[in-house]
Each structure stands twice: as structure tokens, then as C-alpha cells.
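Let's take a friendly walk through this structure. Have a look at how the strands line up side by side, and then read on.

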Amino acid sequence: MSDSNADRRKAMLDRIHDGVRDRRSDAERAKAVAERLAGQKPHLIPERARRDAAGLEALFAEQLTAASATVIAVASQSEVPEAIATYLRSTNLPMRVRMGSDQRLAALPWTSQTALELVTGPADAKDEVGLSHALAGVAETGTLMMASGPDNPVTINFLPENHVVVVQAADIAGHYEAAFDKVRARFGRGSMPRTINMISGPSRTADIGGRPVLGAHGPRRLCVVVVGA
């Protein structure tokens with residue numbers, strides 16, 4: 001590039017830079033960002049998501065059931081192992097369950113179900129049943145929000161053909177905006193999980209001939225245990 005062309009290019013870029021430059025101080029720009037975030041208006045919220053806690057739980061279960069998932073409601077944490085063992089027996093599934101290092105799951109009274117075998121760590125191709133704890137649920141679509149990490153490895157969401165997910169009834173939000181508020185409250189500023197998977201029923205596709213096929217890209221069965229319903 002000749003000197004004259006380089007000079008013209010620099011002059012043009014300087015004009016663009018001057019035109020878009022924000023001449024406010026760092027403090028002024030930070031204040032403007034904070035005010036915009038604080039004053040952000042929520043998106044359109046479906047009317048079906050505006051219910052009380054019992055109504056949201058019912059909608060959550062209804063939407064999941066419509067998506068071919070199984071929903072089991074239990075009153076307390078202590079009932080979760082029995083509910084899972086009963087589900088596995090009723091569907092003739094192995095009593096070997098893969099889970100991560102989630103402390104909420106580890107603290108459950110598993111010794112009450114001697115037939116259950118629990119193994120920890122990321123899932124592999126040999127695992128038939130995976131167990132996870134959801135960060136939140138979204139009632140408007142029957143969606144589970146799963147945060148990645150060693151406590152709930154992403155591989156458990158996709159590799160086993162059967163996925164059992166535990167979610168607290170108190171963590172069921174009406175809509176996505178409220179669910180993401182729970183995510184931010186859980187992890188705090190600047191420490192979001194690397195991935196959030198949103199799961200609405202078993203894996204399915206209808207690409208071939210328009211016929212739905214379960215388990216195409218993940219579990220063919222999904223069982224959701226709602227605690228504190």
C-alpha cells in the first residue's frame with residue numbers, strides 16, 4: 001500500500017473512531033449500564049405462567065407429561081430414593097444409577113434402597129440411567145434448567161437413555177425470565193456456569209417422514225421427581 005493510500009485509510013478510520021467514541025468517563029458509562037439493567041422491562045409473559053405456586057406446579061407437570069415425560073411428586077427429600085427405585089422397577093430398568101457430585105443428591109437417604117447401586121462421575125456409553133438435580137423448572141413450557149459442572153455433568157443429560165431429574169417445587173418459576181433470575185441468584189455476578197441445558201421432555205425428532213422418534217439425540221425416557229409439591 002502506498003503512503004498516500006495508507007494516509008487516506010488512516011484518516012478514514014480516525015473519522016469513524018471519532019464518530020463512535022464514547023467521551024464519557026468510565027464511572028459515567030458504568031452508571032449508565034447499571035441504570036439500564038435496573039430499569040429493563042420484562043418480556044411478554046404468557047398468561048398461563050401467572051399462577052400461584054400450586055398452579056405453577058400443576059402446569060409444570062402438565063407440560064412435561066404432554067411431552068412424554070413421567071412426573072412424580074413427593075413431599076420431602078427423604079422420599080426421593082424410594083420414588084426413583086419404584087420408577088426403575090416399574091419400567092424394568094437397571095438399578096444402577098450414574099450421578100455427579102451434587103451434594104443435594106448425595107445427602108439423600110440412599111441406604112433405604114439397598115437394591116440401588118450409585119456410581120459417581122461423568123456418564124459414559126455404558127450407563128443406562130442418569131440422575132441429575134435441576135437448577136430450576138419453567139412452568140410455561142415444562143422445561144428443566146440444568147447447569148453444567150462436576151456436581152451435575154452435562155454427559156448425564158445426554159448419554160444415558162434414561163434420565164431421572166430431581167427438582168425442588170420451590171424452584172419452579174412461571175416463565176423463563178424468573179428462572180434466569182434463579183440462575184443469577186444461585187451463581188452470583190461473574191460466576192455463571194459454562195453451559196445451561198434446557199430440557200423439555202425426552203429427546204425426539206421428526207425429521208424422517210414426519211414421524212416422531214424418541215431418543216434421537218439423548219434420553220428416550222425422562223422422569224422428573226418434584227420435591228415438596
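Strand β2 (residues 96–99) pairs with β3 in the parallel sense, over four bridges. Here two strands count as paired if DSSP finds at least two bridges between them; strands (E, at least two residues) and helices (H or I, at least four) are DSSP runs, numbered from the N terminus. In this pair, R96 has E117 of β3 as its bridge partner. Strands of a sheet pair through backbone hydrogen bonds, either parallel or antiparallel.

This is a predicted model, where local features need pLDDT of at least 70 and side-chain atom pairs count only at pLDDT 80 or more, while totals for chains, interfaces and linings use all residues. Residues are numbered from 1 along each chain as its sequence is written, and side-chain values use heavy atoms, leaving out hydrogens and water.

Now step back to the whole sheet: six strands, open, with parallel pairing, in the order β1-β12-β7-β4-β2-β3. Because β1 (70–74) and β3 (117–120) at the edges each have a single partner strand, one side of each lacks a neighbour in the sheet. Helix α3 (residues 53–66) packs on this sheet and touches β1, β7 (162–168) and β12 (221–227); contact means heavy atoms within 4.5 Å. The direction of α3 makes about 170° with that of β12, using axes fitted to C-alpha atoms (for helices over the stretch in contact) and angles from 0 to 180 degrees between N-to-C directions.

Another open sheet has four strands in the order β8-β5-β6-β9, with mixed pairing. Two bridges join β5 (residues 136–138) to β8, and these strands run parallel; V138 stands opposite A173 in β8. Helix α7 (residues 176–187) packs on this sheet, touching β5, β6 (143–147), β8 and β9.
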